[in-house]
Amino acid sequence: ITTMENKLLLLLCLTVLNVFLVITVESLDNGLAIQPPMGWMAWERFRCNINCTEDPDNCISEKLIVQMCDKMVAGGFRDAGYTYITLDDCWAEKRRDPLTGKLVPDRTRFPRGMKALADYVHRQGMKLGIYSDMGTKTCKEYPGSEFYIQTDAQTFADWGVDMLKLDCCYGGSGMEIGYETMGFFLNKTGRPVLYSCSYPVCLGGHVIYERVAKTCNMWRNAIDLTDSWDRVYKVIRIYGDNIGNFSAAAGPGHWNDADQLMVGDFGLSNGQQTAQIVMWAMWSAPLFMSVDLRNIGVFAEELLLNKDIIAINQDWAGSPSYRVWQDKRLPVTTDIIEGWIKRLSDGTTAIAILNGSNYGEPATVVKTPRQLGLLGNTSYIFRNVLTSEKSGPFNDTVPMKVRIPATSVYFVVATELE
């Protein structure tokens, strides 16, 4: 190696080290996600449907996003807090612009370009989200952001994008540094962009969540959801096990993302849909529905717009929820009744009791407030979040009693009596 090559190599190493130090020292500071973000995401319901010739109403396109945006406004979802409308994979051309290296929206499906779409969304009082990947390719093999991090960050900002979901398919060994680098350059654009990261789940949870929270506004840390109770319940169990104590890392500005809501789709019963959104509310998880709002049923619509559920999810304290007890029902030991508590900013406590059984049998739960995870030697009134009915007082000698259908939930707020 020549002397000149040595100097160039040294300069490269110093440059990389300098960027690394800047990134790791400068934490996330975009002023966003003080409460868990809420919105709509395309993936679960519409996947990578790009066949606009045969399926023009359901393909990933400007038309679809405009229609969903309009429905979110007209249906009261925006005013309820669902303000982000987010593209997932498959929105781009298969190749970058050969002259600038920039990503290019599919010219047929997004004929006016992404800036025009963002402008439309903003005029409706909404925010536009977009998708990329910290790899050479996205999960569906569209161009990824690896080696184009600064270019893509500036491109998204120039388009007026308000949220970036950064996936991790085809990501390399430097994935964590890559995500931090993208966060750094997003901040450098000067545009506030909500930053959604996927690398904790891609790294199997082997991350330091406090470090993740310095880079990301929200992060995936469990399996991908599909429209099935089996997958939803697996996520609930992951959050209950809380390996690595990831729950403690969440708070204003940075949240654990349990993935999209299946409410209003095809695979969950009414009880299971209720259980999902209740548990997401307990965890202060981002609420991103993925449903065709043009054809949503009344039950799902009312559930997604339930003000009391949303209020618990959006509680200013942002306190984590923990599973505090489990009862296994013999002889089917996989049938588990479990209790969760969440301290709220007004001094009350939210309680969710989940009957996770697939066995089909309702469960009768009889417990004192102390057994539910509340303080003993005092009495409580319970308000059912789903029905507004009140019950009690309950104390160490007067337990509550409730019968919960299989794969459903009992959801109350407990108020301590003076």
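Predicted model: local features only at pLDDT ≥ 70, side-chain atom pairs only at ≥ 80, totals over all residues.

Q: Why is A250 called buried?
A: The relative accessibility of A250 is 15%, and the term buried applies under 20%, so A250 counts as buried. A250 lies in the loop between α10 and β7, where, leaving aside residues up to four places away in sequence, A250 touches W255, N256 and G318. A250 and A285 are 35 residues apart in sequence, with their C-alpha atoms 9.0 Å apart in space.

Q: What makes F147 exposed, and where does F147 lie?
A: F147 has 70% relative accessibility, and exposed means over 50%, so F147 counts as exposed. F147 lies in the loop between β3 and α6. Phi of F147 is near 75°, a positive value in a residue other than glycine. Most residues other than glycine have a negative phi.

Q: Why is S388 called partly exposed?
A: The relative accessible area of S388 is 45%; because buried requires a value under 20% and exposed a value over 50%, with partly exposed in between, S388 is classed as partly exposed. S388 is placed in the loop between β13 (380-384) and β14, and its phi, near 70°, is a positive value in a residue other than glycine.

Q: What is the omega of the cis peptide bond that joins G392 and P393?
A: Omega is about 5° for the cis peptide bond between G392 and P393, and P393 has its place in strand β14 (residues 390-394). Most peptide bonds, by contrast, are trans.

Q: How do you know that α11 is largely enclosed by the rest of the structure?
A: Of the 13 residues of α11, 11 are buried, and therefore the helix is largely enclosed by the rest of the structure. The buried residues include Q272, Q273, I277, V278, W280 and M282. Helix α11 covers residues 270-282 and reaches 18 Å from its first C-alpha to its last, close to the 18 Å expected at 1.5 Å a residue. After α11 comes S284, with a positive phi near 55°.

Q: Why are α10 and α11 called roughly parallel?
A: The axes of helix α10 (residues 229-241) and α11 cross at roughly 25° and come within 11 Å; because angles under 35 degrees count as roughly parallel, the two helices are roughly parallel to each other. α10 passes α11 in a left-handed crossing. In the contact between them, W229, V232, V235 and I236 in α10 meet Q272, A275, Q276, M279 and W280 in α11.

Q: What makes β7 and β8 the edge strands?
A: Eight strands form an open sheet with parallel pairing, in the order β7-β6-β5-β4-β3-β2-β1-β8. The edge strands are β7 (255-257) and β8 (287-289), each of which pairs on one side only. From one strand to the next, the twist averages 25°.

Q: How do you know that β1 and β8 pair?
A: Three bridges join β1 to β8, and because a pair needs at least two bridges, these strands qualify; they run parallel. G39 has F288 as its bridge partner in β8. β1 and β2 also pair in the parallel sense, over three bridges, and in β2 the bridge partner of G39 is Y84.

Q: What covers the buried residues of α6?
A: The cover includes α5, β3, β4 (163-167) and α7 (175-188). The buried residues of helix α6 (residues 149-159) include I149, D152, F156 and W159, and just after α6, G160 takes a positive phi of about 90°.

Q: Which elements do the buried residues of α5 pack against?
A: They pack against α3 (62-74), β2, β3 and α6, and among them are M114, L117, Y120 and V121. Helix α5 (residues 113-123) lies across β2 (84-86) and β3 (127-133), running at about 145° to β3.

Methods:
Residues numbered from 1 in each chain as written. Heavy atoms only, no water. Helix = DSSP H or I, 4+ residues; strand = E, 2+ residues; numbered from the N terminus. Expected span 1.5 Å × (residues − 1). Buried < 20%, exposed > 50% of the residue type's maximum accessible area, 1.4 Å probe, protein only. Axes fitted to C-alpha atoms, helices over the stretch in contact; angles between N-to-C directions. Contact = heavy atoms within 4.5 Å. Parallel < 35°, antiparallel > 145°, perpendicular 65-115°, else oblique. Left-handed = near helix turned anticlockwise from the far one by under 90°.
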